[in-house]
Amino acid sequence: MDKGILAIFDSEERYAYRLMEFISGKTNLPFEVYVFTDGNRFFSCSKIKDIECLLISESAYKQEVETLNIPHIIILSESGENLNKALHHINKYQSCETILHEVMAYYSDKSKTVPAALRTGLKKMKIIGVYTPVGRCLQTTFSLTLGQMLAKSCKTLYLNFEIYSGFARMMSKNFDSDISDLMYYFSCAREKLAYRMESMIETVNGLDFIPPADIYQNLAGIRGNQWIDLFQEIEKSSEYEYMILDLSDGILDLWDVLRECDYIYTISREDGAALAKIEQYEKALESMDYGDITARTTKWKLPIFKQLPVHFEELTYGELAGYIKSKVFPELFGKESNG
């Protein structure tokens with residue numbers, strides 16, 4: 001199915017083109033993006049082109065727009081004091097990312113059918129599973145640093161399964177949706193997954209991520225095979241080259257999920273308690289016929305770092321990033337990378 005047209009109509013030229021460039025830079029969207037800053041050009045084009053979705057600024061809106069047979073009309077609200085309240089409104093004065101989130105959430109909910117999003121690249125998406133039975137050993141810091149470094153050259157998605165991740169506070173941001181919403185939506189409308197994901201994806205230093213579950217009980221009952229099914233669908237309908245799973249004991253069928261990973265990393269420490277936990281974990285795997293996970297796992301005993309970055313955006317600088325570049329990247333790429 002051919003892509004539909006998403007038209008942006010705003011007389012504020014700089015704003016319109018900035019929004020167009022941001023949306024056009026996203027892969028696997030169901031739209032070709034057109035931009036209009038002049039009413040005559042817009043109305044002339046609308047007579048010969050089938051516009052699927054229109055983003056129109058409040059100042060450019062005229063009632064005759066509603067006679068154009070455009071299925072989805074969204075008003076970029078400036079004052080919010082006029083216009084047809086039956087139409088969907090989005091605050092114009094917010095980030096392009098937030099606007100796209102709201103557009104894709106609205107479109108995926110309201111559209112009865114969407115073009116299938118299919119992977120165009122031939123390379124298989126590699127899944128990196130990071131898990132340790134040892135607490136407070138930098139697993140999440142390691143995973144986020146690795147993800148941001150990979151994202152410099154490869155499209156990468158990070159998923160966090162901690163029971164209490166603290167992401168909202170650490171990023172000083174409240175998230176409208178999280179991974180539990182993604183799984184719920186996937187179970188209801190699999191064919192729209194790629195577009196719904198686009199309404200949820202956040203980015204930190206180039207690394208895409210779906211916010212972790214705010215209430216971890218919302219993930220209760222989701223089996224490992226359901227997560228694996230989701231990961232496979234993400235691969236089919238996206239361009240991600242790597243997916244990093246920051247795993248915890250809270251996920252059901254953890255070992256089945258680990259078995260699906262292309263790379264498995266376990267972070268450990270040198271102290272006796274840490275070594276005892278690793279030993280017990282590996283014996284449990286062996287006794288339950290999951291010994292292949294141990295055989296495929298790379299254990300990293302991270303050195304003591306004098307200083308680690310405070311903010312997520314700074315993780316690609318410093319000692320941990322240097323360690324990953326010199327130790328982990330050779331395993332992923334076969335040689336040291338400039339990432």
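The following conversation goes through the main features of one predicted protein model.

User: Which values should I know about before we start?
Analyst: This is a predicted model, in which local features need pLDDT of at least 70 and side-chain atom pairs count only at pLDDT 80 or more, while totals for chains, interfaces and linings use all residues. Residues are numbered from 1 along each chain as its sequence is written, and side-chain values use heavy atoms, with hydrogens and water left out.

User: How many helices and strands are there in the protein?
Analyst: The protein has 12 helices and 12 strands. Both are DSSP runs numbered from the N terminus: helices are H or I with at least four residues, and strands are E with at least two.

User: What share of the residues is buried?
Analyst: Of the 339 residues, 51% are buried. Buried means under 20% relative accessible area, exposed means over 50%, and partly exposed lies in between (1.4 Å probe, protein chains only).

User: Take helix α2. Which residues of α2 are buried?
Analyst: In helix α2 (residues 39-48), they are F42, F43, C45 and S46.

User: Why are they on the same side of α2?
Analyst: They cover an arc of only 165 degrees around the axis, and therefore lie on the same side of α2. The arc is that of the directions from the helix axis to the C-beta atoms. In general, an α-helix has 3.6 residues a turn, so residues three or four places apart point the same way.

User: Which residues are exposed on the other side of α2?
Analyst: N40, K47 and I48 are exposed there.

User: And what covers the buried residues of α2?
Analyst: The cover includes the strands β1 (4-9), β2 (31-36) and β3 (51-57). Such contact means heavy atoms within 4.5 Å.

User: New topic: where is S172, and is it buried or exposed?
Analyst: S172 sits in the loop between α5 (167-170) and α6 (179-188). Because its relative accessibility is 68%, S172 counts as exposed.

User: What is phi of S172?
Analyst: Phi of S172 is near 50 degrees, which is a positive value in a residue other than glycine.

User: What about phi of D253?
Analyst: Phi of D253 is near 55 degrees, again a positive value in a residue other than glycine. D253 belongs to the loop between β10 (242-246) and α9 (254-259), and at 24% relative accessibility D253 counts as partly exposed.
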